[in-house]
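Here's a quick tour for anyone meeting this structure for the first time. Have a look at it, then read on.

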Amino acid sequence: MNLVVCLHAPPASADGQTLGRDDTHALGHALALAGAGTSHRVTALLAGTAVETGALHRALAAGVHRAVRLGGDDFGAADFHTVGQVLAVAIRRLDADLILTGGRSDDDGLGAVPAAAARYLGIAYVPSVEEIAMAGDGLVEVVVRGAGRKRRLRVKIPAVLSVVAGPRDSVIPPDRTGNPAEVDLLSLADPEATLVRRRTELLGREEPASRGTEEVTSAAALVAALSRG
Amino acid sequence: MDRAECGWHDRPPSGARRPAPTFEATSLPNLLVPIDLRDGEPTGPSLFALSEARRIAHQAGATIYAIAMNDRELDPRVVSDLGRAGADKVILCEGAGLGAPPMEPTHGAALLAAVERVPPLLVLFPAGGAGPQLAPSLAARIGAAFAARADLVVAETDGPLADGVGRVFLRRWRADRSSYRRFDPVEIERPVVALLASGHRRDQGGRGGQGGSEDIDVEVIACAPPVQSGFQEIASEPDELAEVALARVLVVVDPAVGAQALARLTAEAPPGVVVVDRKAAATAIAASVPEILIGVGHADLPMVGTPRGRVGVILFGDAVLPPGALADVLWRAPGNPADVVWEDLTRALASLAVPAAQGIDGAGRESPA
């Protein structure tokens, strides 16, 4: 089985993290599914520029079999429909059976990219996944939370599973130095990859927001200040 | 009650796109609110979303549709509740399996049937409901903009609208909280799908004053189950953290503060205020959209609020607010917090309780009127 983990480059942070929280869990689940004794292969996929490959190098160090950067565009300024579509093109070319993504897998934490990718692939989309296990031929079992229930579901693959950080800590291995694989480049200069016109306005118009921090000296003042907002 | 047949819409073949709705098709100022039903009753955030829609509907010249998905007819009392909260009309997608918690493979096509029946300007998902499951897919299917965790704003501005009709905007934070994103469905010529915060249902007092009527129509769309969803439920149990996603006021306590303090704050939390452990409830916290979020003993709060929402942080001793931390209000409490701090805090939180007249329990669910 080919598992593809879609990663994204997180915004620059002081601690220099190369993987977002949900992406870390998605990668951890993929590596666990492809653990010892299985023939499953894991490919990490990221749509971004050459300087945004930190997440892919981290994935290689953690043990994925292949890392692929989808190049050819400035995806940072693209709406989720566009990013979902280009990921779908790449996923199809990678012949993926199961696609895992971080639940809030974009800079603005929208989580809409995996839904759009599933839409363009024409396959099932299951969000809010906390646990994943193989369940026999062409099936996976997942645990999801939502609308007041915690449910165990059996899902037929291919499918896009959007992973959220569950109560358990992530299980990806620490950095290793032994994986010599390099990041492959997948170009979208492909006649089959006809994209919809990018709709940057779908991202919304940016407005400044300047809100400072008011310091108070009691619990009552804190609650009063919060209620005033 | 109107009743119509509307079959499920199969997924398009791989790679094919359903034609995106044109602006002409989407320019009707319909506001759609998918209702979250628990044991047949609408949640508090669902009624709040209807009241928010009602707040802007008059100025925007809009009609409000409550979208319910269920496996049977709605109780007339529930229909009245939806009307009082602000709905002009209810669309019930009725079919086998639609009474289960919504998931995209089982409920997505039914919701799409309702959206195609009433082309929307906005689709407003309530907090704690089907939003995370259905909203991104719906936005992808209809080519809409998607505004997770948004507020509604109405402005009287010039534009391609009739005189006296206000422009409706939505605002959401960027992930780093450095700026807002503003969505104008007229400008982008597409509908906007959004998740609203949890909040108090406003007392609206009469239709002229933006209130709703309990005497409203229900239109039924009969939905056949999907032929092959590729999806089977093996087990289901109540989510012990369900109240977190519905909370209007969420207090997130760092485990380092101590189990005793957490237990005390939890036990003494007033109705409408939910207290949780930061680590144990991380997933549920990330899915919440509270109006007020308070971190106790830490400032590591996820970006879960809306621009109208407020964030408070309580740090102890010499702890420093990290650069870029989300905090509208900061209280530096004494180090080694003693009982007096917890007493002050529980007393202060009591003022955030939901008014008794609204009948909302601690889980944010409204009791029957």
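Chain B carries ten helices and 18 strands (DSSP runs numbered from the N terminus: H or I of at least four residues for helices, E of at least two for strands). Keep in mind that this is a predicted model: local features need pLDDT of at least 70, side-chain atom pairs count only at pLDDT 80 or more, and totals for chains, interfaces and linings use all residues. Residues are numbered from 1 along each chain as its sequence is written, while chains are lettered from A and ligands numbered from 1 in the order in which they are written.

**Chain B on its own**
- Of the 369 residues in chain B, 54% are buried, meaning 20 or more other C-beta atoms, placed from the backbone, lie within 10 Å of the residue's own.

**Where chain B meets chain A**
- Here 69 residues of chain B are in contact with 62 residues of chain A.
- Strand β13 (residues 231–238) of chain B gives the largest share of chain B's side, eight residues.
- Strand β11 (residues 214–216) of chain A pairs with strand β18 (residues 329–333) of chain B in the parallel sense, over three bridges; pairing takes at least two DSSP bridges.
- A:Val216 has B:Trp331 as its bridge partner in β18(B).

Methods
Two residues are in contact if their C-beta atoms, placed from the backbone, lie within 7 Å. A residue is buried if 20 or more other C-beta atoms lie within 10 Å of its own, exposed if 12 or fewer, and partly exposed in between; C-beta atoms are placed from the backbone.
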